[in-house]
Amino acid sequence: MKKVSIKVAAVLMAGTFLCSSCIGSFGLLNKYAKWQANMTSNKYVNGIVGLFLMGPVGGICFTVDLLLLNTIEFWSGDNPVASNNTQKVLGEDGRYYAVTKTKTGYEIKAPNGEVTYFIHDEKTDSWSMMQNGITKEIFRFNADGTIQATLQDGQTITVTNDEAGLQQVRQAMVGDKFYALR
């Protein structure tokens with residue numbers, strides 16, 4: 001009886017490693033599920049076909065994700081299948097912007113086609129904005145934990161990395177004038 005309980009305990013212990021918090025994004029399985037849900041215009045046909053395909057195709061996608069792709073994602077930080085990193089984000093102006101994650105930051109495409117890049121420089125630990133070929137540093141992280149923010153007029157201000165520092169930057173950008181939002 002002890003041998004059986006030790007084997008069961010060993011299997012359960014091994015299973016806990018598969019269910020840890022760093023299991024990955026399951027990009028291949030998610031792409032298959034999205035395709036399966038939208039393969040035809042009829043949701044009932046999609047459901048019926050999905051019942052037949054989920055076992056073999058879903059199982060293969062899950063296994064490849066679990067054993068290969070999520071391991072690559074864990075060690076490299078990028079899942080080779082989850083390459084579509086574009087999301088639509090609703091702006092304060094009520095329009096949708098396409099935000100794409102790049103290797104060095106983000107690309108934001110406005111509804112009118114204008115593209116803005118936010119670029120992270122690892123050497124200086126700074127973020128810059130590039131628009132129409134012009135690059136301007138927005139802020140950088142200092143070694144002492146503070147942030148050096150660049151204001152619109154080109155001057156810099158060093159603030160703490162908290163809500164009070166953010167408030168200082170906001171005040172410096174608009175001066176002592178406060179505007180009420182409606």
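# Chatting through a predicted model

Student: Which side chains meet in a salt bridge at 3.0 Å, N to O?
Tutor: Those of aspartate 93 and arginine 95. A salt bridge here is a side-chain nitrogen of Lys or Arg within 4 Å of a carboxyl oxygen of Asp or Glu. Keep in mind that this is a predicted model, where local features need pLDDT of at least 70 and side-chain atom pairs count only at pLDDT 80 or more, while totals for chains, interfaces and linings use all residues. Residues are numbered from 1 along each chain as its sequence is written, and side-chain values use heavy atoms, with hydrogens and water left out.

Student: How many salt bridges does the structure hold?
Tutor: Two. Glutamate 137 forms one with arginine 140, and their closest N and O atoms are 2.6 Å apart. Glutamate 137 is partly exposed at 24%, and arginine 140 is partly exposed at 23%.

Student: New topic. What does the secondary structure come to?
Tutor: Four helices and eight strands. From the N terminus on, the order is α-α-α-β-β-β-β-β-β-β-β-α. Helices (H or I, at least four residues) and strands (E, at least two) are DSSP runs, numbered from the N terminus.

Student: How do the strands line up in the sheet?
Tutor: The eight strands form an open sheet in the order S1-S2-S3-S4-S5-S6-S7-S8, with antiparallel pairing. S1 (86-90) and S8 (156-159) stand at the edges with a single partner strand each, so one side of each has no neighbour in the sheet. From one strand to the next, the twist averages 25°. Two strands pair if DSSP finds at least two bridges between them.

Student: What holds paired strands together in general?
Tutor: Strands of a sheet pair through backbone hydrogen bonds, either parallel or antiparallel.

Student: How many bridges join S6 to S7?
Tutor: Three, between S6 (residues 134-141) and S7 (residues 147-150), which run antiparallel. Phenylalanine 139, for instance, has alanine 149 in S7 as its bridge partner.

Student: And what's in the loop between S6 and S7?
Tutor: Glycine 145 is found there. Glycine 145 is partly exposed, with a relative accessible area of 41%.

Student: Where does helix H4 go?
Tutor: H4 (residues 163-174) lies across S7 and S8 and runs at about 160° to S8. For angles, axes are lines fitted to C-alpha atoms, for helices over the stretch in contact (heavy atoms within 4.5 Å), and angles run from 0 to 180 degrees between N-to-C directions.

Student: Last one: which residues make the nonpolar surface patch?
Tutor: Ile60, Val64, Leu67, Leu68 and Ile72, together about 450 Å². Patches take residues with over 30% relative accessible area and no salt bridge, joining like charges within 9 Å and nonpolar side chains (Val, Leu, Ile, Met, Phe, Trp, Tyr) within 5 Å. Leucine 68 lies in helix H3 (residues 43-76), and leucine 68 is partly exposed at 47%.

Notes
Areas by Shrake-Rupley, 256 points an atom, 1.4 Å probe, with all protein chains shown as cover. Buried < 20%, exposed > 50% of the residue type's maximum accessible area, 1.4 Å probe, protein only.
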